[in-house]
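Student: Could you go through this structure with me? I'd like to start with what the accessibility words stand for.

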Amino acid sequence: MKSVVVTGVSTGIGHGATRVLIDKGLHVFGSVRKQADADRLAAEFGDNFTPLLFDVTDEAAIGRAALQVRDALDGETLFGLVNNAGVAAPGPMLEMDPREFHQQLAINLEGPFLVVQAFAPLLGVDDSLKGEPGRIINISSIAGVRALPFLGAYAASKFGLEGYSEALRRELLLFGIDVVVIGPGPVKTSIWDKAEEIDTSRYENSPYAPLLERFQKAFVIKGRNGYSQERLGQLIHKALTTPRPKVRYAAVKSGIVEKLMLALAPPRMIDRVIGKAVGLLPDK
């Protein structure tokens, strides 16, 4: 049975992808940060799921998990690695706590870097293993190609992930290991319940306060109308298994007018559209 490592499987896209991949006949090693989640998911998914306990910012714990997977593979290569774990916290760039900014880069960008370094030998860098080279899937975002106000830290991490993935894909040509990016728009997960509860009171004296509240409400509504996490799981399976994958897949639920505007309109025009929609520009 082929095996895949997926990070951040306790909820959301990672959870949906785990279900799809197991249903497709793969064994999933899924990372969680809490033992309670490991126990819950092991009971839910059964024998074709193995929990891995690590935070994607903890290099030592990631290394121990890689050794655990190596032992389980018993000399075979790993079929795939899906870097999914991520976090988003909104706030204006001028006033965001630097520690919060760094946390988003640490989890969303440095995390995949550390995970890839630990698991790359199992994907085929170690030529003593038997089997074909594996494939890396990095879960980016629409925010990796287009940044929205109040999501600057998240966008910075995802723009960085896109660049990292491109360089990595070219470096790994040496080993036959492919790297594919998936950049979804909003996905229907429990993250939107959490997003609705994010405390933005620290910005209550900011000129951005009413605009941030308006943006947060609109973004939550859009998220709850996005693609299902199972659909993203199907796309992840396709990216892992199709013989000649694209270098990037977008899963963005938008109308033809919006797609055309984003593809053809000058950036300054898009600035004005977004600025008026959020309230950053006078509605004149």
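Tutor: A residue counts as buried under 20% relative accessible area, as exposed over 50%, and as partly exposed in between. Asp97, with a relative accessible area of 27%, is therefore partly exposed. Please keep in mind that this is a predicted model.

Student: Which residue does Asp97 meet in a salt bridge?

Tutor: The partner is Arg99, and the N to O distance between the two side chains is 2.8 Å. Arg99 is exposed, with a relative accessible area of 67%.

Student: How many salt bridges does a search of the whole structure find?

Tutor: The search finds eight. One of the others joins Glu162 to Arg248, at 2.9 Å from N to O, and that pair links distant parts of the chain, since Glu162 sits in helix H5 and Arg248 in strand E9 (residues 248–251), 86 residues apart.

Student: Is Glu162 buried or exposed?

Tutor: Glu162 is buried, with a relative accessible area of 16%, whereas Arg248 counts as partly exposed at 25%.

Student: Switching to helices, how do H1 and H2 sit relative to each other?

Tutor: The axes of H1 (residues 12–23) and H2 (residues 35–45) come within 12 Å and cross at roughly 30 degrees. Because angles under 35 degrees count as roughly parallel, the two helices are described as roughly parallel to each other, and their crossing is right-handed.

Student: Which residues make the contact?

Tutor: H1 contributes His15, Thr18, Arg19 and Ile22, while H2 contributes Leu41, Glu44 and Phe45. By class, that contact has three nonpolar, two polar and two charged residues.

Student: What do Arg19 and Glu44 form?

Tutor: They form a salt bridge, with the closest N and O atoms 2.5 Å apart. Since Arg19 lies in H1 and Glu44 in H2, the pair ties together parts that are 25 residues apart in sequence. Arg19 is partly exposed, with a relative accessible area of 34%, and Glu44 is also partly exposed, with a value of 34%.

Student: New topic: what about backbone angles?

Tutor: Most residues other than glycine have a negative phi. Asp74, which is not a glycine, has a positive phi of about 50 degrees, and phi of Phe150 is also positive, near 75 degrees.

Student: Where do Asp74 and Phe150 lie?

Tutor: Asp74 lies in the loop between helix H3 (59–73) and strand E4 (80–83), and it is exposed, with a relative accessible area of 64%. Phe150 is in the loop between strand E5 (135–139) and helix H5 (152–171), but Phe150 is buried, with a relative accessible area of 6%.

Note on methods
Residues numbered from 1 in each chain as written. Predicted model: local features only at pLDDT ≥ 70, side-chain atom pairs only at ≥ 80, totals over all residues. Heavy atoms only, no water. Axes fitted to C-alpha atoms, helices over the stretch in contact; angles between N-to-C directions. Helix = DSSP H or I, 4+ residues; strand = E, 2+ residues; numbered from the N terminus. Parallel < 35°, antiparallel > 145°, perpendicular 65-115°, else oblique. Left-handed = near helix turned anticlockwise from the far one by under 90°. Contact = heavy atoms within 4.5 Å. Nonpolar A, V, L, I, M, F, W, Y, C, P; charged D, E, K, R; others polar. Buried < 20%, exposed > 50% of the residue type's maximum accessible area, 1.4 Å probe, protein only. Salt bridge = Lys/Arg side-chain N within 4 Å of Asp/Glu carboxyl O.
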